[in-house]
Amino acid sequence: METRHIPAPELWAQRIRDDHPNLVSTGCTPDFCQAGRLIHDDEPRVGKNRALHIVEQEAVDFLQILHFEGFYEDGLEFQHRVEEVRQEIRDGAIKKDVKDEVSGNVTNCITIGGDWKQTSSELEFGIRRAWRNSRKCIMRSHCEGLELCDLRDVTSSAEMVAELLKRVTEAFNGGNIIPTAFVFPPRQVDCRGPMFWNHQILQFAGYENADGSILGDPNSVGLTNAILELGWIPPVSRSPWDLLPLVAMAEGERPAFAEIPPNLRTLVDIGHPQYMNQFSKLALKWVSFPALTRLGFDIGGVQYSAAPFMGWFMDAEIGVRNLADSFRYNALPDIVSALGLTNGKLGHGYDTFDDLPEYEKLSLLSKAQAELNYAVSWSFQKARITMVDTLTASMKWCNFDDDFYEKNGYRLPSDPYWIAPPQGSIIPLWHRGGAPNYQPKPMIARHVQDPIKAWGREKYLWSITAKNLAAPVEVQVGPITLPRKNSNTTLVGSDDNGLGSSDQRFPVFETSLQHTSQDGTKTVAIFFCSAGTTAEKLANKLQKWMTLFVENLSYVSCKAVVEPLDSLKVSDLTPDKILLLVVSSTGHGDIPANGLAFEQMCRHLQAQNSASIEPFKFAIFGNGDSRYTSTYNEAAYVINGLMKQVGGLPLMPGIWDGDTAVETLPMRALHSWWEELKPLIAVKPIPPKEDKPAQDAIQQYDDQQESLLATLKDAALVTEAPKTVAKCDGSLLLSLNIHSETYGEMSCIQVLPCNSPTKVERALQALCVGGSDQMNLVLDGEDPTFSTFLTSFVDLELPFLELEWLNSIPLSGQRNLNLESLSHLSVAEVLERIVSTDFVQENSRGYCLPRDICLAMPLLDMKTYSIASSLSYASRGSCHQDLASSPGNHLQIMVKIQENGRFSDTFLNDCAPPRFLKYRIVDSKVGPQLRENYLAPMIVVATGAGFGPVRCLLQWRIATARKAKHSQPVPNKGISLFLGLKECDMDLVEDVINEAESYGILDMIELVMSNPAKRRVYEKLGDYSKHIRGKVVKKKGLVFVCASSAAAEGTKSMFEKVIGSNVDKMLGERYLEDVF
């Protein structure tokens, strides 16, 4: 067993008191320990009056936690919020007798505190922190993903029932359960507060028969009888699996109830793959999800007495407890009988199971329990409903607690009675010691009153009997889908990140290039990245397979251990390494915490444009859940892109998808990946000059034609005013006429910079072929002519991929046509040197040399640019004057001028006006998020041509503001613009900035021109710390960065200094980068 150092209890206690000034009782005293009790006598409850000074102190303590977490811009804002809350509490205070929660003594006629209205962000933080502090819950590692469903405006019993069932349907999400707290109005001073009668939203009835036996759940007998008294009519044919209606009781109102709607009534049939018939006869079932309804939240002195909490089951909750407990459904004896476990044990005086010796019964019950628990897990997986197994939940909790300990020097609160799973010592968590049992606030707490007893006291005030109670509430819940946060993904499997102006080859042709160390040996290293344990399990299994596989390969070795992805260093990125990564996603497709350092390392390498890294090989297995369609294996795709961008060569195209929706531990998918990997790992080193088969090259061009050229449309380059390439090394504003085509706001355009007719004609002459001659590539699609091929398929400005075809040209060596002299020249330049009579003669004898030369040319890359115009803006007559004579829809792009740039220099200078090009519209990485929130308050940082997408955003807002003058006004949520430019680019931005200012769209602008001191625009962020924190923290605004990699990295670093926290953790999807 692992030995761990446990600090002295006094040291832990001091650290805990320092961080948690508001600790409450856990029920134990020096004279009496309640650690072994299910519910402790004096645990804090919601629903009690509290003295004014206690309420005020709890509110201030909570606000201090928020201040520490960066919720308030500075100390002044924090103090203002404190005084505001104190005044609100005092305004609601009254005189009343109050009972001390600890001593039980009653103090007469004291001032008891009021309450205060928490903002949604304060409340969301509170429920998440309360879950983290819940010492009885093993699932707390998901606390930061807890969603708030704010229902504090729902004040009637009928609305409580209807709204909760509607919102629960959304959170159930078709089985992809989203942990959610549904918070109703808090308890008012000296009131009981709103309450739900049910213990769970989905709760089975318990019918007491005349003979004293129970049909259904014995735990529900009292509740069932109470609901029957309300007037509920159960099914005519009663069963053990009848769902009770949901009963709510708002403050000052009588109860209302409603049947569970059909879309939530579907139960999970418990089956077993090895005992299908036996379990079918048992007919066991259970509900799809747990949703506790009698728990409340105690947050900053505010008591939320009705706050149902929904998550997912751990298998043992059902298989070891609910169905198995003798005082619940007591299914184990029936399973023993159904599976024939007593065969061979009865007889010789042992007539029944109950006659057997206790040790025999224990053995049989244990076997039945294990099979039942397995059946539960298997059945939920088959039903595709979220569930976690006990081992995984235990390991997740241990990892979460260990991480907290490393950061804080003490452990999270834990009640061992609840935390240790019911399977006992076979679960490693059972042996884990040293966990302190303390209770901070915010917290989850039970209500001091039983709602049924409370109604028994109140109903006489209404003079109501069961006969004249209100009829059951009718709830209609149709099909609902939960709106998902936008993913940052573009086309799956592509490298296109939709960022600024970038070179992109479509499709990506990946190959297992055999770069090795000098002695030809290769080392395989395996890494994992996961918030849970699945990726690590898969990585360890892969390592075992790999170790056995390489035993007989003298040129391949395997590292002895697997490591977290954060352990991968720059020194591991070498040609003699093969890196195998098993990557899970967390949250909304995010990279897990043990991969964030690796992500930062890759982005740093990109920013440094490091050329020192030689090509290395890698492959990625994605461990995801296909039910989350928009973020399925998103982290794996992001890491795949990062690996390529820092020089990685994929062993196989894309990633290999593992799917936990199909297989809880996707071992079959891992094995399939392994079978594909083995021949790639085992390939012996080959000479780097090994020729690639011509057929492979032909297939690339076939793919190029099918997936790229077939999707392109034609556009005309109308103007490049107000500057030309020769005038400035800044940026160009280009306008394209796309005729009747349209494009979405905040999109990107990909253009194909075809070779000029002049260069194509010279290439045809050098190859001694006609432009209309067919290439004879035997493609699946239309076979291109040499003219088409040289115009749209290949890049004449780059060097040849290989020059071995020179050996086919007679006397080439005598004319100095050798590899050394030509390897650094462009295709066009090389072709100029092969014009010869000898070549013509060879070609006339029937050789396919021209075709082979063409197949050695590099593919033509697409160039991606952010669209710098808004179609809605242009449609209102705001087009440039140069466009007036060019009817049709236009879009504009900002292009950074680069010497010898394939598009900005070569294409624009080679093609005489009017210039025509091929293009297609694609979404940008930030497009979905910006389209959804384009009117939100924003901090925008842009440099150079990165102003392009900002220009589109400003035009879009201007168009919206114009429209608002003639309809309903649009709330002004301003943009704070930080812009870095060269002086020659000013005339590209002045017009739209001036117009945006005239409409009040810009609340501030900071302009930094290129300067000898190299002062960067992002350095200005520090001068506006208060303004920025107020906008992004308090107002929940967006940050939009459009800049080069280096500038984006500097901006992110400066933002973290300004807000005092990790940008990714604090802002998440509200921090958007468009990097070029």
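Which residues do ring pairs link into a cluster? In this predicted model, the cluster consists of Phe62, Phe71, Trp116 and Phe125, joined through ring pairs. The structure holds 22 aromatic pairs, and one of them, formed by Phe71 and Phe125, is edge-to-face, with 5.4 Å from centre to centre and 65° between the planes. This pair links distant parts of the chain, since Phe71 lies in the loop between helix 2 and helix 3 while Phe125 lies in helix 4, 54 residues apart. Phe71 is buried, with a relative accessible area of 18%, and Phe125 likewise counts as buried, at 12% relative accessibility. The rings of Phe549 and Trp674 have their centres 5.4 Å apart and their planes at 85°, and because an angle over 60 degrees counts as edge-to-face, this pair is also given that description. Here too distant parts of the chain are linked, with Phe549 in helix 15 (residues 534-549) and Trp674 in helix 18 (residues 667-682), 125 residues apart. Trp674 is buried, with a relative accessible area of 4%, whereas Phe549 counts as partly exposed, at 24% relative accessibility.

In soluble globular proteins, nonpolar side chains tend to be buried together. The largest nonpolar core of the model has 108 residues, of which Phe297 and Leu372 touch the most other members. Helix 2 (residues 52-68) gives the most to this core, with 8 residues. Apart from this core lies another, of 37 residues, which includes Ala945, Ala959, Val992 and Phe1040. When neighbours within four places in sequence are left aside, the contacts of Phe297 include Val46, Ile127, Ala181, Tyr304, Phe309 and Met443.

Side chains of opposite charge can pair when their charged atoms come close. The structure holds 41 salt bridges, among them one between Asp298 and Arg50, whose closest N and O atoms are 2.6 Å apart. This pair links distant parts of the chain, with Asp298 in strand 14 (residues 295-299) and Arg50 in the loop between strand 1 (23-24) and helix 2, 248 residues apart. Asp298 counts as buried, at 1% relative accessibility, and Arg50 counts as buried at 6%. A salt bridge is also formed by the side chains of Arg129 and Glu69, at 3.3 Å from N to O. Because Arg129 lies in helix 4 (residues 120-132) and Glu69 in the loop between helix 2 and helix 3 (75-91), the pair ties together parts that are 60 residues apart in sequence. Arg129 is buried, with a relative accessible area of 10%, whereas Glu69 is partly exposed, with 31%.

As regards confidence, the chain averages a pLDDT of 80, and 81% of the residues score at least 70. Over residues 686-693, however, the pLDDT is below 50, and this stretch has 3 contacts in the model beyond near neighbours in sequence. The pLDDT also stays under 50 over residues 840-846, for which the model has 7 contacts beyond four places in sequence.

Key: Residues are numbered from 1 along each chain as its sequence is written. Side-chain values use heavy atoms; hydrogens and water are left out. A nonpolar core is a set of buried Ala, Val, Leu, Ile, Met, Phe, Trp, Tyr and Cys residues joined through side-chain atoms within 4.5 Å. Buried means under 20% relative accessible area, exposed over 50%, partly exposed in between (1.4 Å probe, protein chains only). Helices (H or I, at least four residues) and strands (E, at least two) are DSSP runs, numbered from the N terminus. Contact means heavy atoms within 4.5 Å. A salt bridge is a side-chain nitrogen of Lys or Arg within 4 Å of a carboxyl oxygen of Asp or Glu. pLDDT is the predictor's confidence in each residue, from 0 to 100. Rings of Phe, Tyr and Trp (its six-membered ring) pair if their centres lie within 6.5 Å; planes under 30 degrees apart count as stacked, over 60 as edge-to-face and the rest as tilted.
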